[in-house]
Amino acid sequence: MFRMIAEVINMREEEKKPTSTIRRILKQRWALSAIYIASAAIILAAAFLLQNSFDDSAKDGKEESAETGKNYGEPSVEVNSNLETIKMPVADADKSVIKKQFYDVNADEKAQEEALVFYNNRYEQNKGIDIAMEDGKSFDVKASLSGNVTKVQDDALLGNLVEVEHEDGVVTRYQSVKDIKVAVGDKVKQGQAIATAGKSQINEEAGVHVHFEIRKDNIALNPLDFVDKQASAIQSATEAEADKEETPAVEGSEADKETPAVEGSETDKETPAVEGSEADKEETPAVDETDEGTDLESGTDEEGSVPGEDTTEESDSLKDSLNQSN
């Protein structure tokens, strides 16, 4: 009996103890439903944010691809052509010979004469080098550098022409060729066969050969100066040459023309001509001396009087005045 009473008392005391807020909420019937709804809302919000971020990145990618695709369809130049080493336009350079050298304005007189091409009673400067094989046989003409074919021309005088364009205004030309294997707009790689060596009317002495040129901004350069060098050396060489030509011409010529011409000529013209001639004219006139000499010789002055008589009359008048005063 006492034991039962004690348990009832303990149970009532436990009921009187305050319970935690979370426990009270969890005991409610709507608690679990509210928790599920809140969790679902958080998950949906996170998914929405992720979806927006994916859409933004996709739009940025489309804009970048649109920018890069603007120049689609235009002819492109090999990006790494400046890093390529310029090669001779033949498969085996060791078995080739140079039939005619490039005309160099700085070479000696003999070398310049040998680099002249004689045709139709006229001498022309050789703008490239004429390459042939030692055995005189035909051979494949190779692309010296990678690039785009910009000209293919049939020309009996020059022996047909293929022109390949590279970066920075550099162009390689191949003349005296036949059996051309490329067309305008083609992209060629270094070492690719583009034609076969042939003959030309302008240089029949060379026989079967290829006339090879390297041009920078349409100015012919000596190919042998750049063989086995990177194509970027052409740009560096032309810039250095331009600096040499411009610097002395501007500074030297202006000083030589202006300084001596202004100081020397003005001094020589003004000082002797003005001072000397004016002094001579004013101090010693030729006409006065002649007139005075003539008057003295004739014994008369300009008014026609005799100097001797004037002096005598003056002396007599002085004597009279003295006597009167006495």
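Begin by selecting strand S13 (219–221) and helix H5 (232–283), each of which supplies at least two residues of the lining of the largest pocket. The model on display is a predicted one.

Next, display the space itself. The largest pocket holds about 730 Å³. Its lining is made up of 22 residues, and those closest to the centre are Ile 219, Ala 220, Leu 221, Thr 238 and Glu 241.

Then colour the lining of the largest pocket by class. Nine of the residues are nonpolar, six are polar and seven are charged.

Now move to the second largest pocket, with a volume of about 230 Å³. Select Leu 158, Gln 175, Ile 202, His 211 and Glu 213, which are the closest to its centre among the 17 residues of the lining.

Which elements give two or more residues to this second lining? Select strand S3 (122–125), strand S8 (170–175) and strand S12 (210–216) to see them. S12 deserves a colour of its own, as the largest share of the lining of the second largest pocket, three residues, comes from S12.

Finally, apply the class colours to the second largest pocket. Its lining divides into three nonpolar, eight polar and six charged residues.

Methods. Residues are numbered from 1 along each chain as its sequence is written. This is a predicted model: local features need pLDDT of at least 70, side-chain atom pairs count only at pLDDT 80 or more; totals for chains, interfaces and linings use all residues. Side-chain values use heavy atoms; hydrogens and water are left out. On a 1 Å grid over the protein atoms alone, a cavity is a set of points where a 1.4 Å probe fits but cannot get out, and a pocket is an open set with protein on both sides within 12 Å along at least five of seven lines; lining residues have an atom within 4 Å of a point. Grid points are joined across faces, edges and corners, and a volume is the space filled by probe spheres set on the points. Helices (H or I, at least four residues) and strands (E, at least two) are DSSP runs, numbered from the N terminus. Ala, Val, Leu, Ile, Met, Phe, Trp, Tyr, Cys and Pro count as nonpolar, Asp, Glu, Lys and Arg as charged, and the others, Gly among them, as polar.
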